[in-house]
Amino acid sequence: MAACLRFTRRVWRSFLDNKGHDAQCFPNLVVKSAVPGTVEASLKVEQYNIHGGLILSLTDTLGSLAVASKGHFMTGVSTDIGTSFIRPAGKVGDTLHAKAVLTNMGKQLAFTRVDFTNPAGELVAYGFDTERLQENVKFTEDGEQVVEGKDLE
């Protein structure tokens with residue numbers, strides 16, 4: 001498994017281990033892929049999570065994971081966040097897909113966009129998340145190896 005994906009999944013596990021909002025709202029989120037600056041994930045739609053608040057919360061979490069994919073274990077705090085809803089995300093039992101992209105990263109702030117698609121591949125919502133940064137490790141461009149900092153696994 002590539003270093004970037006391994007690291008990003010480790011950050012996701014730390015979110016779950018914290019037993020906060022993420023663990024309560026979408027413990028079954030699956031991080032499918034991660035390369036520096038891009039994370040793809042999926043979530044089965046359940047009766048308890050079929051509402052717009054879920055997508056806004058996922059915008060926050062997946063924005064953080066896009067930052068993590070650049071080697072930031074402590075991803076920071078959102079300073080600005082928003083989501084636009086286009087169509088229903090699906091019904092119970094469907095799988096919601098998401099792609100989070102780091103659109104820009106400076107020394108103190110990171111900007112992300114998250115697109116959500118339904119099982120038919122249609123865009124159902126998109127969001128943005130701006131986060132304050134804290135640096136940890138750096139990966140090769142393809143995400144296969146750590147080139148700066150320490151890979152703990």
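This is a predicted model: local features need pLDDT of at least 70, side-chain atom pairs count only at pLDDT 80 or more; totals for chains, interfaces and linings use all residues.
Ground rules. I number residues from 1 along each chain as its sequence is written, and side-chain values use heavy atoms, without hydrogens and water. Local features need pLDDT of at least 70 and side-chain atom pairs count only at pLDDT 80 or more, while totals for chains, interfaces and linings use all residues.

Entry: aromatic pairs. I searched the whole structure and found four. Rings of Phe, Tyr and Trp (its six-membered ring) pair if their centres lie within 6.5 Å; planes under 30 degrees apart are stacked, over 60 edge-to-face, the rest tilted. Phe7 and Phe139 are edge-to-face, with 5.5 Å centre to centre and 70° between the planes. Phe7 lies in helix H1 (residues 3–17) and Phe139 in strand S7 (residues 138–139), 132 residues apart. Helices (H or I, at least four residues) and strands (E, at least two) are DSSP runs, numbered from the N terminus.

I looked up burial next. Buried means under 20% relative accessible area, exposed over 50%, partly exposed in between (1.4 Å probe, protein chains only). Phe7 is buried because its relative accessibility is 4%; Phe139 is buried at 11%. Ring pairs join Phe7, Phe73 and Phe139 in a cluster.

Entry: nonpolar core. I take this as buried Ala, Val, Leu, Ile, Met, Phe, Trp, Tyr and Cys residues joined through side-chain atoms within 4.5 Å. The largest has 32 residues, and Leu62 is among those with the most contacts inside it.
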